[in-house]
Amino acid sequence: MSSTTATTGTDAPQQPSGAAARRGGSGFLAGPIGRNLGLVVALAVLCIVGTATAPDRFLAIDNVLTILRLAAVIGVVSIGMTFVIIGGGIDLSVGAIVALSSVWATTLATQAMAADVHWIVMVVTALLVGAGCGLVNGIVIAYGKLVAFIATLAMLAAARGLAEIIANRRTQIVQDRDFLAFFSGDVLGVPTLVVIFALVAVAGWVLLNRTTFGRRTFAVGGNAEAARLAGIRVQRHTMWLYVLSGVTCGIAAVMLMARTTTGSSTHGTLYELDAIAAVVIGGTLLIGGRGTIVGTVLGVLIFTTLGNVFTLNNLSSSAQAVARGVIIVVAVLLQMRLATGSFSLGRLGRGAGTGSPPAPAGAAGTVSGGATPGGPGGPAPGATTDRP
């Protein structure tokens, strides 16, 4: 056997050296723990500012619970968006899907069936509508070869329009008292909506970091062609990513119905922008292949806390929008700096482009360093998870 051939095992993929290593970024801050620590510091700074500018109101228990409730709905949507972006896609239709799910789940027919059976019918309806919209997105993108931006933009318009048609541009009131009582309650003092957000976040973390589905998501987002050569069915996996995003939209619709006691075609307005912003702030690369659920949760809390601080200090929504825009730009610049050592998106996309392409499945045993990056036995090229 050649001296350059290594046997397979559990060794991590060998890190690039020289110029490639410098381009790939290194050091504590470039890792998931460093980035998440930076987000925690940013959140702490916002809390200090809120405490200093509105000491009597910001630290009040009611205000803290308000922040968590507001973060819960958009947070669930952001979890699904994280999977899509890590997988190399984008979903601009999440807000419209939330609206359509809420409207469909609160029609007279659905509520009449819920009254005869159980309010769980409304929940199942919202989840099925969300999953169905996500399935359409996934099929059109994965098998129809339509660009994700265009496909989800079309779904945004279609789902919002269908919601308006079904609701006849009217707000539909949730009549089931048991439904409202369940979701407006609390568990050991923690609002039910916050508990749902926590459960979705934990489930998302496990799915992304402890399952084959998560490893394949990183592989597809990092290098779709390498993933295909490694035996991953890229088209089918991409479709399921959008279905997952649709399901999280259905869950968010149920939470929004409970919080507002209504189903409306205006629900979820601009949720797509808020979710993308939270995911980007959390450290997920827009080009795919890297991201964390913990970072997304922290990103949601940062934006929600920022809005609360602005509201408590009677600052305009326009100033808040400007602040959000600045934060997003700074976050993307920091991502590029930490990932590549420069502020060039081109270098970020090339990564350690001087190396050989990943080997297909079956050839991993002859690749120095063990499992092939991007294959099912190893992480995607440049992939970063919540694990240290």
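**Exercise 1. Find the residues that threonine 296 touches, leaving out those up to four places away in sequence.**

Step 1: Apply the contact cut-off, which is heavy atoms within 4.5 Å.

Step 2: List the partners. Threonine 296 touches Ser78, Ile79 and Thr82, along with Ala278, Val279, Gly282 and Thr284.

Step 3: Look for a polar link. The side chains of threonine 296 and threonine 82 form a polar contact at 2.8 Å. (Polar contact: N or O atoms within 3.5 Å; within protein, one must be able to donate a hydrogen and the other to accept it, and residues adjacent in sequence count only if both atoms are side-chain atoms.)

A word on the model: it is predicted, so local features need pLDDT of at least 70 and side-chain atom pairs pLDDT 80 or more, while totals for chains, interfaces and linings use all residues. Residues are numbered from 1 along each chain as its sequence is written, and side-chain values use heavy atoms, without hydrogens and water.

**Exercise 2. Work out what the buried residues of α11 pack against.**

Step 1: In α11 (residues 212-222), the buried residues include Gly214, Thr217 and Phe218.

Step 2: The buried residues of α11 pack against α4 (61-86), α10 (192-209), α12 (224-229) and α13 (234-260).

Technical notes:
Buried means under 20% relative accessible area, exposed over 50%, partly exposed in between (1.4 Å probe, protein chains only). Helices (H or I, at least four residues) and strands (E, at least two) are DSSP runs, numbered from the N terminus.
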